[in-house]
Amino acid sequence: MLSEKVPDSCPHCGNKLSSWQQELLKVDRAIVCKNCWYRILLDVLPEEKNEKQIKKNKSNNGEK
Ligand SMILES: [Zn+2]
């Protein structure tokens with residue numbers, strides 16, 4: 001099983017997500033909160049790592 005981080009509540013209004021909503025979020029990587037219509041996006045960790053690596057490379061290039 002993948003240990004993906006799926007939020008159990010809306011980060012915008014705090015409305016609790018039902019288990020099937022969390023399943024949808026896992027599949028679609030995004031779901032709209034039925035309470036406030038905020039679009040909840042599933043964080044993709046590999047992309048975050050890539051961003052950090054790019055930032056590191058940039059700071060290295062910036063050194064003179
Ligand atoms: Zn919400």
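In what order do the elements of the protein run from the N terminus on? The order is α-β-β-α, made up of two helices and two strands. Helices (H or I, at least four residues) and strands (E, at least two) are DSSP runs, numbered from the N terminus. The model is predicted: local features need pLDDT of at least 70, side-chain atom pairs count only at pLDDT 80 or more, and totals for chains, interfaces and linings use all residues. Residues are numbered from 1 along each chain as its sequence is written, and side-chain values use heavy atoms, with hydrogens and water left out.

Confidence comes next. pLDDT is the predictor's confidence in each residue, from 0 to 100. The protein averages 81. A score of at least 70 is reached by 61% of the residues. Among the elements, strand β1 (residues 30-32) has the highest mean pLDDT, 95. Helix α2 (residues 45-62) has the lowest, 61. Where pLDDT is low, the predicted coordinates should not be read in detail.

The accessible surface of the protein comes to about 5700 Å². Carbon and sulfur atoms hold 52% of this surface. Accessible areas come from the Shrake-Rupley method with a 1.4 Å probe; for residues, only the protein chains shown count as cover. Of the 64 residues, 14% count as buried. Buried means under 20% relative accessible area, exposed over 50%, and partly exposed in between (1.4 Å probe, protein chains only). Contact means heavy atoms within 4.5 Å. Of the contacts with a separation of 6 or more, 24% join residues 24 or more positions apart.

The zinc ion has four protein donors: Cys10 (SG), Cys13 (SG), Cys33 (SG) and Cys36 (SG). They lie 2.3 Å from the ion. Donors are N, O and S atoms within 2.8 Å of the metal (3.2 Å for Na, K and Ca); water is not among the atoms, so sites may look incomplete. Along the chain the donors follow the spacing C-x2-C-x19-C-x2-C. The arrangement is tetrahedral because the four donor atoms subtend angles of 108 to 113° around the zinc ion. Four donors count as tetrahedral if all angles lie between 85 and 135 degrees. Cys33 is buried because its relative accessibility is 1%. Cys10 is also buried, at 3%. Cys13 is partly exposed, at 32%. The count of disulfides is zero, a disulfide being a pair of cysteine sulfur atoms within 2.5 Å.

Helix α1 (residues 19-28) holds Gln21. Gln21 has a relative accessible area of 9%, so this residue is buried. Neighbours within four places in sequence aside, Gln21 is in contact with Lys16, Ile31 and Lys34. Glu23 also lies in helix α1. Glu23 is partly exposed, with a relative accessible area of 44%. Its C-alpha atom is separated by 8.7 Å from that of Val6, 17 residues apart along the chain.

Two loop residues deserve mention for backbone geometry. Most residues other than glycine have a negative phi. Arg29 is not a glycine, yet its phi is positive, about 65°. Arg29 sits in the loop between α1 and β1. At 31% relative accessibility, Arg29 is partly exposed. Trp37, a residue other than glycine, has a positive phi near 60°. Its place is the loop between β1 and β2 (39-41). Trp37 is exposed because its relative accessibility is 65%.

Methods
Tetrahedral: all angles 85-135°; square planar, octahedral: opposite > 155°, others 65-115°.
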